[in-house]
Amino acid sequence: MAPTLTFMTVGCARVAHLLPVDVASATGDQAPFSRQSQALLYRHRGKTSRLWQDKQVFSSVQNLVSKIFLMILLQFTSRRLLYQACSSLKPPPIGIQGPCWEMARPSSSMADFREVFAKAKHIAVITGAGVSAESGVPTFRGAGGYWRKWQAQQLATPEAFSRNPSRVWEFYHYRRELMLSKSPNAAHVAIADCEARLSKQGRKVVVVTQNIDELHRRAGSKDLLEIHGSLFKTRCTNCGNVAENYKSPICKALEGKGAPDPDTQDACLPVGDLPRCEKQGCSGLLRPHVVWFGETLDSNVLTEVEKELDVCDLCLVVGTSSVVYPAAMFAPQVAARGVPVAEFNMETTPATTSFSFHFQGPCGTTLSEALARHESEII
């Protein structure tokens, strides 16, 4: 059943892009659907997308999926179909439904996980904001997740930067300065120590992180894929040059600026005083080298992530809500091919029941125990 659902979901996503914008966004929730579509198309680009090259198949799907049906599908069932397709799971019953496929609840046995861990040769660790929360890093999400009177979704967009680059740079300057005062916590250290130790045994640990704080790097992780970029890299809006930048402050005009208090007034800095490209002959306006809302992820990074997920024999999901796409697709894809997946989080997530293990509690505590040296390790 899962392959059919996957085909249907990809098909609907493809047809949605052929319809007028007002139809594709009729639910008022365009961005989440776009991320889901992107994630599905990204995952299946080498497998499913070739089907669309057959004009007869494409035409038949177009005829079957009417605009009215698509609007209803997007509004009420897109996420449900997504989870079914990715995790081979049926959502919790609502009213009367047809057959329901159940999966066993994930194990919380640390001893059982440790046995799996001892045999793993290639471990992928997917991390989200929760792993850095224990270092005191704000997430800027949910209640209280404001900088001044704005949420990150209102500032971390190309449009916001175009309208008011001074305000956006104040926001990111505040975050950069804040991160320079934070340190990696026990979870970051456990992952980095595990990577260093297992590398001497010919085993591999790769970290795929959604975080832009570089705490994994500072903890010592070497094999690191930062899918959303880094606070400490800049990109020139003129020449496109990407460079590391650890200056504090990043430019003189931003010194002392960026206070998060709601009553703080914008500095309204002239564009010419904001961070500028230092490449010879350029001097273009710099922007943070991070993926903003509405932007696509780096295809080269995603290719590397896919390679790692295709070969790993154990996957850890640490401190992530499993609702941000396309990262939310990664672990269910691994689980779908029968590889053990262990989730470490303060609470359950929409993907929890598709995993082999779930350990609830502070990541620094649970992960330190999970990744400690196993008695079978010689080196």
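Is Gly294 buried or exposed in this structure? Gly294 is exposed, with a relative accessible area of 84%, where exposed means over 50%, buried under 20% and partly exposed in between (1.4 Å probe, protein chains only). The model is predicted, so local features need pLDDT of at least 70 and side-chain atom pairs count only at pLDDT 80 or more, while totals for chains, interfaces and linings use all residues. Residues are numbered from 1 along each chain as its sequence is written, and side-chain values use heavy atoms, leaving out hydrogens and water.

**Gly294**

- Gly294 sits in the loop between strand 8 (286-290) and helix 14 (299-311); helices (H or I, at least four residues) and strands (E, at least two) are DSSP runs, numbered from the N terminus.
- Gly294 and Glu159 lie 135 residues apart in sequence, and their C-alpha atoms are 9.4 Å apart in space.

**Salt bridges**

- The whole structure holds eleven salt bridges, each being a side-chain nitrogen of Lys or Arg within 4 Å of a carboxyl oxygen of Asp or Glu.
- One of them joins Lys204 and Asp223 at 3.4 Å, N to O.
- This pair links distant parts of the chain, 19 residues apart: Lys204 belongs to strand 4 (residues 204-209), and Asp223 to the loop between helix 13 (215-219) and strand 5 (224-226).
- Lys204 is partly exposed at 29% relative accessibility, and Asp223 is partly exposed at 25%.
- Glu226 and Arg217 form a salt bridge at 2.9 Å, N to O; Glu226 is buried at 13% relative accessible area, whereas Arg217 is partly exposed at 35%.
- Arg373 and Glu377 form a salt bridge at 4.0 Å, N to O; Arg373 is partly exposed at 46%, whereas Glu377 is buried at 10%.

**Helix 7 and helix 16**

- The axes of helix 7 (residues 110-119) and helix 16 (residues 363-370) come within 10 Å and cross at roughly 55 degrees; axes are lines fitted to C-alpha atoms, for helices over the stretch in contact, with angles from 0 to 180 degrees between N-to-C directions.
- Helix 7 is therefore oblique to helix 16, since angles under 35 degrees count as roughly parallel, over 145 as roughly antiparallel, 65 to 115 as roughly perpendicular and the rest as oblique.
- Met110, Phe113, Arg114 and Phe117 of helix 7 are in contact with Thr366, Glu369 and Ala370 of helix 16, where contact means heavy atoms within 4.5 Å.
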